[in-house]
Amino acid sequence: MDRRPGTSVRVKLTLSYAGFLMFAGLLLLAAVWLFLLRHVPDRAMLINPDDGLEGDLKGVFPVRSALLGVFAPKAAAVLAFLLVFGLVGGWVLAGRMLAPLTRITDATRTAAKGSLSHRIRLPGRKDEFRELADAFDTMLARLEAHVAEQQRFAANASHELRTPLAISQTLLDVARNDPTRDLDEILDRLHAVNARAIDLTEALLVLSRATQGSFTREPVDLSLLVEEATETLLPLAEKRGVTIETSGDIAPAFGSQALLLQLTTNLVHNAIVHNLPDKGMVRIETRTGPDTAVLTVENSGEKLSPQAVATLTEPFRRATERIRNDHAGAGLGLAIVRRITEAHDGSLTLTPRADGGLCVVVRLPAPPALPRRTPDQ
């Protein structure tokens, strides 16, 4: 925004300091006038020595006009000194007070140019300027992490989308250059590649929707979502020899039913696919906590290191022990779970199991308590 140049804050503070000092000086002089000079007579007094007042009045009693003649120049000199002292001292004090703000402004301009790695790191004890600087440093750190994550996401998404497109191009070239090739086989492979590209695109759309937070919140029972996701994925679990166990009570959460169903489905699908080759296990539990609804999904599988588990919620990240197959997904399952959880102001915890596999715990806010109605309502 273009603004017309105006008076700097330092000049305003300097004038304020000097003006306040001058005002205080005038009040002091006014107090001297009211409480001292008004008791001085405006005419000379003649004292008769025969009145016996020598003990009470000794020396020359001053006249108001004479006292004013002496006092006024001195008062003017004092006011002039206060004015100069206020301007110089105010300029120095204002500069020292505004020095942290100058550093914050320089850091803001640096960040506006695209450099998010700069930090203010304002020294000293806590005050308003230090709080502002610390908040700005925290914001820069979050922005830098967010931008880096978005750049990685864009690069990975481009790579993931490029793969099915390249495969489709290769299959089309084969069909064009080799008329004797079995077209049914090529069409089947094209269908599979296209289906994977569609799944990836839909996952990206869900991830974008969860990130934007543009959804309506309503009470949602997680136990019902678990039941629906389990019924949908039961054929896949039976095909892979995985047993699903569900338990728990009603767990009302507050959020989008569609997004929370996507969250639950992704967790159950992830637990089924990344499991033991045979006789795998998936345990799902819902419960309520203090103002929260808790969903726990636990599965058997290969042993995972804490370092590998810490990266599973990043887009297109898979543990090294995991092998991509026809059900491996696009690598966005847990990333979508994390984004949906954050959009609902919840928390996500991933813990490797000692016997192998993963334990995922999602905590979501419970619906706000409705106001109690009185008997008269």
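User: A helix's expected span is 1.5 Å times one less than its number of residues. How far apart are the end C-alpha atoms of H6?

Analyst: Heads-up: this is a predicted model, where local features need pLDDT of at least 70 and side-chain atom pairs pLDDT 80 or more, while totals for chains, interfaces and linings use all residues. Numbering starts from 1 along each chain as its sequence is written, and side-chain values use heavy atoms, leaving out hydrogens and water. Helices (DSSP H or I, at least four residues) and strands (E, at least two) are numbered from the N terminus. H6 has 17 residues, so its span should be 24 Å, and that agrees with its end C-alpha atoms, which are 24 Å apart.

User: Is H5 parallel or oblique to H6?

Analyst: Axes are lines fitted to C-alpha atoms over the stretch in contact, with angles from 0 to 180 degrees between N-to-C directions. The axes of H5 (residues 222–239) and H6 (residues 257–273) come within 9 Å and cross at roughly 40°. Under 35 degrees is roughly parallel, over 145 roughly antiparallel, 65 to 115 roughly perpendicular and the rest oblique. That's why H5 is, relative to H6, oblique.

User: How many nonpolar residues does the contact of H5 with H6 have?

Analyst: Contact means heavy atoms within 4.5 Å, and residues making it include Leu225 of H5 and Leu261 of H6. Ala, Val, Leu, Ile, Met, Phe, Trp, Tyr, Cys and Pro count as nonpolar, Asp, Glu, Lys and Arg as charged, the others, Gly among them, as polar. By class, it's 4 polar, 1 charged and, for nonpolar, 12.

User: What share of the chain is buried?

Analyst: Buried is under 20% relative accessible area (1.4 Å probe, protein chains only). Of the chain's 377 residues, the buried share is 33%.

Note on methods:
Buried means under 20% relative accessible area, exposed over 50%, partly exposed in between (1.4 Å probe, protein chains only).
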